[in-house]
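Please brief me on this structure. Keep it short and sort the points by topic.

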Amino acid sequence: MRSTHTPRDARRDSSPVPPRHRALRVAADSPSRLLRIAQNGPCADCGNQIHWYIRTDHQPVCLHPHELLTAVVPEIHRWHIGAGVAYPAGDGSPWCRIAHSTLCPVRDAPEPLTHHLVSMRRSLALQTRRLLDAGAFIAPTQRPALTGPGATSLCRPARPVVDLLGGRYLAAQPIEDIRCVARTRRRTRCLNPVLAPQKPHGTWRIVAAAPDSRRLVLPAVGIAVYDLGHLPCAEQERWRAQHCPTHSMTPGAADIALGEWEIFDPLVHRRHTATWIPTGVQNRPRRRS
């Protein structure tokens, strides 16, 4: 005797029910706050599309957006994705991923490369030329310099150095322009800035370029640093996570973009350092504990 019970995945007329879209959540043991999908965007050097992933060491890596046959990719250049994390090796399948830096036409070609990868570099170079001709991409060498006393009307560094959680970081935008990376209910990036009027602000200071005295190759010159070290630990963690006050109160909120902090190196990032206190800003007095 057949059961007349209708399964939940079918209507009364036995027609299938389309699957419902379930909300994704970030696991508590997740190595990143990003949902397990690729975060796409253009390469800053060539303008071609790339996918951002988190590596096992919690650092971001940009990969080519398409899978390639393992046979055409040398073993040293193979990557694979597991549970949203990028691993620098093959997984035994006939398909693999490759880092965008290997194919980026602006960078020097690494060795060894197969004929297929060389052809892909040429195709990306042609795409970069099309973007430049259409005005959809501006090469880094053609962009106006934004690191100098006359960089903006407020005379502020384009990429300020920030003291945070006992370390020193380089921001991707001016302090006032750093945006929250959290994902809203409309599946878009939050528009709120990290710098909130109701929260304590940092202070600009002139400090030594490197606190490590063993670095004798650095010139004895001070640099401007936006100091957040005197803020409460929870407030510093909010800045490090690059969240606005609203999303910092929502632990389950996922991120839709990668945090844009870089560990500051006074030698590598020398062209981004400023030696003056930005004008048009007022340092708030520190609160005494």
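Asp57 is partly exposed, with a relative accessible area of 40%. Buried here means under 20% relative accessible area, exposed means over 50%, and partly exposed lies in between (1.4 Å probe, protein chains only). The side chain of Asp57 meets that of Arg55 in a salt bridge, at 2.9 Å from N to O. This is a predicted model: local features need pLDDT of at least 70, side-chain atom pairs count only at pLDDT 80 or more, and totals for chains, interfaces and linings use all residues. Residues are numbered from 1 along each chain as its sequence is written, and side-chain values use heavy atoms, with hydrogens and water left out.

**Salt bridges**

- A salt bridge is a side-chain nitrogen of Lys or Arg within 4 Å of a carboxyl oxygen of Asp or Glu. The structure holds 8 of them.
- Arg55, the partner of Asp57, is partly exposed at 28% relative accessible area.
- Arg107 pairs with Asp45, and their closest N and O atoms are 3.5 Å apart. This pair links distant parts of the chain, 62 residues apart. Arg107 sits in the loop between helix 1 and helix 2, and Asp45 in the loop between strand 1 (39-42) and strand 2 (49-55).
- Helices (H or I, at least four residues) and strands (E, at least two) are DSSP runs, numbered from the N terminus.
- Arg107 is partly exposed, with a relative accessible area of 40%. Asp45 is partly exposed too, at 27%.
- Arg168 and Asp163 form a salt bridge of 2.9 Å, N to O. Arg168 is buried at 16% relative accessible area, and Asp163 is buried at 11%.
- Shared partners join Asp163, Arg168, Arg205 and Asp227 into one salt-bridge network.

- An open sheet of 5 strands runs in the order 10-11-8-9-12, with mixed pairing. Two strands pair if DSSP finds at least two bridges between them.
- Strand 10 and strand 12 (262-263) stand at the edges. Each has a single partner strand, so one side of each lacks a neighbour in the sheet.
- Strand 10 and strand 11 pair in the antiparallel sense over 6 bridges. Trp204 has Tyr226 in strand 11 as its bridge partner.

**Nonpolar cores**

- A nonpolar core is a set of buried Ala, Val, Leu, Ile, Met, Phe, Trp, Tyr and Cys residues joined through side-chain atoms within 4.5 Å.
- The largest core has 17 residues. Val162, Ile175, Ile178, Tyr226, Leu228, Trp239 and Trp261 touch the most other members.
- Strand 8 (161-164) and strand 11 (222-227) are the elements that give two or more residues to this core.
- A second, separate core of 10 residues includes Leu68, Leu113, Leu117 and Met120.
- Leaving aside neighbours within four places in sequence, Tyr226 has contacts (heavy atoms within 4.5 Å) that include Val162, Asp163, His201, Trp204 and Trp239.

**Backbone exceptions**

- Most residues other than glycine have a negative phi, and most peptide bonds are trans.
- A cis peptide bond joins Glu111 and Pro112, with omega about -5 degrees. Pro112 lies in the loop between helix 1 (100-103) and helix 2 (115-134).
- Leu165 has a positive phi near 55 degrees. Leu165 is in the loop between strand 8 and strand 9 (167-170) and is partly exposed at 39% relative accessibility.
- Arg187 has a positive phi of about 65 degrees. Arg187 lies in the loop between strand 9 and strand 10 (203-208) and is exposed, with a relative accessible area of 56%.
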